[in-house]
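The model is a predicted one.

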Amino acid sequence: FSLSRPAMCSLSLSKSPADLFGVSENSFLQWTKEERESQLERKIGMCCRDICARATNGFIVCSFESPSLIQDGPKCGIVALVMGIYALLSHRRDTSDVQTFIHERGLSVTALFEMACEAGWSMRGEIFSARNLGLLGHRGVTRARVEGVTCECVPFDAGTIMRVLAARQGVVLVPYDCAPNHLPWCKGGKKPHWAVLLGVVMAVGADGERRECKEGE
């Protein structure tokens, strides 16, 4: 997935999001269990109202966990990559140990940004090519000697993504057009953004029913 040319926008901020929050781009924002559950409930209600109406027996959530990172500049792809790496590592390590590991092994946002610039894949942090982001992730985990974690660019297939997430076999980075509320919309690549998919939420009906999603849902 790549764009033939970078999308441009004249809007600018006097301060970056990281500056506004008073943190660095390498600072992980940790949430309590209650805060995570509250955010998940709010997002499900915002994005899936029709599904919520059918979930009479609640939801099944299959997901990795990762703290948030506040991007500084157009580094959404690199931020998503670091969050994905964190999610996979924290599945096997203590949380505090993962943060230390990421910084010491050169897998922080700053370190991967410098690596991307050196390779000619980015100028200011933007990465429009899924192939290049995959190569960046592969180079990063290889240099850091991270065992059991691989990163590659693969063709988009919704069924495969659902199976991978439901089985907690990995996380998926997806490019999309970002609406003002961060939900996906179709703008022909003019609002490019990267999302890291950490899991899947499945609604359970009154009798455990399953229903095929129609196009557009």
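## Helices α4 and α6

α4 passes α6 in a right-handed crossing. The two pack at an angle of about 125°, and their axes are 10 Å apart. That angle makes α4 oblique to α6.

On the α4 side, the contact is made by Ile78, Val79, Leu81 and Val82. On the α6 side, Val109, Leu112 and Phe113 take part. By class, this contact has 7 nonpolar residues, with no polar and no charged ones.

## Helices α6 and α7

α6 spans residues 109-119 and α7 spans residues 130-143. Their axes come within 10 Å and cross at roughly 120°. The two helices are therefore oblique to each other. α6 passes α7 in a right-handed crossing.

Leu112, Met115, Ala116 and Ala119 are the α6 residues in this contact. They meet Leu136, Arg139, Gly140 and Arg143 in α7. By class, the contact has 5 nonpolar, 1 polar and 2 charged residues. Leu112 of α6 also belongs to the contact with α4.

## The second largest pocket

The second largest pocket has a volume of about 820 Å³. Its lining counts 34 residues. Closest to the pocket centre are Thr150, Glu152, Val171, Val172 and Leu173.

Which elements give two or more residues to the lining? They are α4 (76-90), α7, α8 (158-166) and β4 (172-177). By class, the lining has 22 nonpolar, 8 polar and 4 charged residues.

Methods:
Residues numbered from 1 in each chain as written. Predicted model: local features only at pLDDT ≥ 70, side-chain atom pairs only at ≥ 80, totals over all residues. Heavy atoms only, no water. Axes fitted to C-alpha atoms, helices over the stretch in contact; angles between N-to-C directions. Helix = DSSP H or I, 4+ residues; strand = E, 2+ residues; numbered from the N terminus. Parallel < 35°, antiparallel > 145°, perpendicular 65-115°, else oblique. Left-handed = near helix turned anticlockwise from the far one by under 90°. Contact = heavy atoms within 4.5 Å. Nonpolar A, V, L, I, M, F, W, Y, C, P; charged D, E, K, R; others polar. 1 Å grid on protein atoms, 1.4 Å probe; cavity = no way out; pocket = protein on both sides within 12 Å on 5 of 7 lines; lining within 4 Å. Points joined across faces, edges and corners; volume = space filled by probe spheres on them.
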